[in-house]
Amino acid sequence: MADTQFDLIVIGGGPGGYVAAIRAAQLGLKTAVVEREHLGGICLNWGCIPTKALLRSSEIFHLIHRAKEFGLSADNVRFDVTKIVERSRKVAAQLSNGVRFLMKKNKVTVIEGEARLTSPTTVAVTGKAAGAYSAKNIIIATGARARALPGLEPDGKLVWSYREAMVPTAMPKSLLVIGSGAIGIEFASFYRTLGAEVTVVEVMDRILPVEDEEISALALKAFTKQGMKVITGASVEELVRGADHVTATVKTKDGKSQAIEVERVISAVGIVGNVENLGLEALGVKVERSHIVVNEWAETSVKGLYAIGDVAGPPWLAHKASHEGVIAVERLAGAKGLHPLDVTKIPGCTYCWPQVASVGLTEARARAAGREVKVGRFPYNANGKAIALGDTEGLIKTVFDAKTGELLGAHMIGAEVTELIQGYTIARTLETTEAELMHTVFPHPTLSEMMHEAVLDAYGKVVHV
């Protein structure tokens, strides 16, 4: 007879859920994960990882077309979208299988099926491993799904969600992307780099609206240079679907409308938490705008119930979910020396071309909070390694508290900034001031030298510009 009693049950096997389960097992807790579809969740199977595999293919395609710049020749360069997708799916499958291995290695029980809470300590599962399971503590890590706006709902053929956009059977000649957040811009970048005519519509007055305004402006300039059409301060009012095309009515804030005909549309207008059919209402779990309300320790309004990841609200990032999972487990296990979640220390990355990354407060938010700030900047075109790489488009920007020297935020656009941002993230976690960053010796020649120069620039000591 299957074991049904545990110290901890985690509902959802995504990057929050499976990491929480592993950490719980490490602490000696008897742990189970309930997963209805794929271990690894959306991130490993339909999000973070397979999209990066797609973007890598487009990046290589772009670089091959620049071969002459590097003294190389490459003729008749083509791509096979079927094989690009096939590689992406193989990468996702490899990692999902890896998570299953980790579950087995850490002796975490995997319960296949759909979960519903019948009490704060009991889970009813339907599906392959149907039954009633109980635990002293339960972590809800059910994730989120794409938001569908009325009249703009994806149909899987002409209007795509991220799932269809990730597995095209043919390359569309023209594409409309609704929404310019990380998901929308990454798909816009992928398809544009492979030759599709791409139009992006953003309801806010600038693209990548959560980023620093200066970075958003540079991104717009880069995308426009690549031939991408961007319409901000506008909304898609209607989609008329034809046999193999879509006509979108786009309305700007000044009341003007235009019709745009494309082969395919990608809807990337945000997400909604997967809170339905979990039994939350009956237990009195507080839910606001499709997300479970939690405190800084991932605790819900019901004792013994925790929620992590996308279902617990923004920022909607895999690494935030994993970190929350560890916090929740260590909290319920009674570990010492814990630190609650501080969202200002969570980096955000967008893997478009050029890449965008940030951590902490933007300049505008810092000033709005009443901070007196010192701002430093360093351009890619003044960096030796960037020039050698042939990637001179970009900027590193730092924001410091003028009185204390605290690093309030860092904002980047350019080659490999999604790798560089961790340096400033560590600095924020260590509560580093400008003094420590200035005294740090950065290796040469590297892109990371620009991080040092951006700090020096904030204090009038920059060397190479």
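1. The model contains 1 disulfide, the term being applied to a pair of cysteine sulfur atoms within 2.5 Å. The bond joins Cys 43 and Cys 48, with their sulfur atoms 2.3 Å apart. The structure is a predicted model, in which local features need pLDDT of at least 70, side-chain atom pairs count only at pLDDT 80 or more, and totals for chains, interfaces and linings use all residues. Residues are numbered from 1 along each chain as its sequence is written, and side-chain values use heavy atoms, with hydrogens and water left out.

2. The disulfide of Cys 43 and Cys 48 is left-handed because the torsion about its S-S bond is about -130°. Cys 43 is buried at 11% relative accessibility, whereas Cys 48 is partly exposed at 29% (buried: under 20% relative accessible area; exposed: over 50%; partly exposed: in between; 1.4 Å probe, protein chains only).

3. The sulfur of Cys 349 has its closest cysteine sulfur in Cys 352, 11 Å away, which is too far for a bond. Cys 352 is accordingly in no disulfide. Cys 349 is buried, at 16% relative accessibility, and Cys 352 is buried too, at 4%.

4. Helix 1 (residues 17-26) packs against helix 9 (residues 318-332) at an angle of about 35°, their axes lying 8 Å apart. Their crossing is right-handed. From helix 1, the contact (heavy atoms within 4.5 Å) involves Val 19, Ala 20, Arg 23 and Ala 24; from helix 9, Ser 322, Gly 325, Val 326, Val 329 and Glu 330 take part.

Methods
Axes fitted to C-alpha atoms, helices over the stretch in contact; angles between N-to-C directions. Helix = DSSP H or I, 4+ residues; strand = E, 2+ residues; numbered from the N terminus. Left-handed = near helix turned anticlockwise from the far one by under 90°.
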